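Hello,

I am handing over a structure for you to look at. Please open it first, then read my notes below.

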Amino acid sequence: MGTAICPIQHMYVVNNSIKFDKFVPSLFHPNVTLQLECKRTMRTDKIKLKNNIEDLLDSLSKSKFRGSFHLNKKMKDYVKEKGFDKIKLDARDLITKRIAPENPNNDGKQTPMRQVHPVFIAQHATGCCCRGCLERIHGIKKGHELSSEEIEYVVNTLMLWIQREMSKD
């Protein structure tokens with residue numbers, strides 16, 4: 001049991017229950033809970049709170065703006081050609097370089113909106129495109145370098161969206 005460190009500030013897990021240091025109203029959509037993979041501090045296994053990122057992605061897909069992003073055939077072919085492992089490496093690299101710094105260059109404008117790479121499209125669709133959206137949608141505050149747990153949370157969110165897009169035909 002014990003306490004787990006989670007990728008969202010003010011949240012932690014004690015004896016498999018989520019606890020908050022304080023109420024963070026911007027953290028949640030009224031009908032959405034978050035899926036987190038929290039690393040236990042004393043053990044290597046992970047606590048998985050299921051279905052919550054999927055609920056968040058379902059909610060975002062209903063937004064006029066976020067729901068307008070989809071992978072086109074060329075991007076789907078690229079994902080099939082390169083494979084999910086390569087796309088995940090690209091996602092981690094792009095997030096680490098463009099989003100993770102304490103004060104990213106051109107924050108709010110650093111993620112291309114055109115059909116350049118599947119990860120860029122996923123960033124816009126999931127609200128992981130800039131620090132402002134990360135704070136507003138995912139509750140990850142601005143003004144600090146993203147932790148490895150926060151980076152992993154963002155990458156997993158992007159990859160889940162890409163996997164969902166790949167299953168659509």
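Is Phe65 buried, partly exposed or exposed? Phe65 counts as partly exposed, with a relative accessibility of 39%. Here buried means under 20% relative accessible area, exposed means over 50%, and partly exposed lies in between (1.4 Å probe, protein chains only).

Some ground rules. This is a predicted model, where local features need pLDDT of at least 70, side-chain atom pairs count only at pLDDT 80 or more, and totals for chains, interfaces and linings use all residues. Residues are numbered from 1 along each chain as its sequence is written, and side-chain values use heavy atoms, with hydrogens and water left out.

Confidence comes next. pLDDT is the predictor's confidence in each residue, from 0 to 100. Its average over the protein is 76, and 69% of the residues score at least 70. A contact means heavy atoms within 4.5 Å. Where pLDDT is low, the predicted coordinates should not be read in detail.

Now the overall layout. The protein has six helices and five strands. Along the sequence they run β-β-β-β-β-α-α-α-α-α-α. These are DSSP runs, numbered from the N terminus: helices are H or I with at least four residues, strands are E with at least two. Of the 169 residues, 43% are buried. Of the contacts with a separation of 6 or more, 61% join residues 24 or more positions apart.

Back to Phe65. The whole structure holds one aromatic pair. Its members are Phe65 and Phe69, with ring centres 5.1 Å apart and planes at 85°, so the pair is edge-to-face. (Rings of Phe, Tyr and Trp, the last by its six-membered ring, pair if their centres lie within 6.5 Å; planes under 30 degrees apart are stacked, over 60 edge-to-face, the rest tilted.) Phe69 is buried, at 8% relative accessibility.

Arg66 sits in the loop between H1 and H2. Arg66 is buried too, with a relative accessible area of 9%. Leaving out residues up to four places away in sequence, Arg66 touches Leu60, His124, Ala125, Gly127, Cys129, Cys133, Arg136 and Ile137.

Cys133 and Ile137 lead us to H5. Six of the eight residues of H5 are buried: Arg131, Gly132, Cys133, Leu134, Ile137 and His138. Their cover includes H1, H4 and H6. Gly139 follows H5, with a positive phi near 75°.

Last, the core. A nonpolar core is a set of buried Ala, Val, Leu, Ile, Met, Phe, Trp, Tyr and Cys residues joined through side-chain atoms within 4.5 Å. The largest one has 34 residues, and those with the most contacts inside it are Ile95, Leu146, Val154, Leu158, Trp161 and Ile162. H1 (52–61), H2 (73–82), H3 (84–98), H4 (118–126), H5 (131–138) and H6 (148–166) each supply at least two residues of this core. H6 gives the most, with ten. Take Ile162: not counting residues up to four places away in sequence, Ile162 touches Leu71, Val79, Phe84, Ile87, Pro118, Val119 and Ala122.

Best wishes
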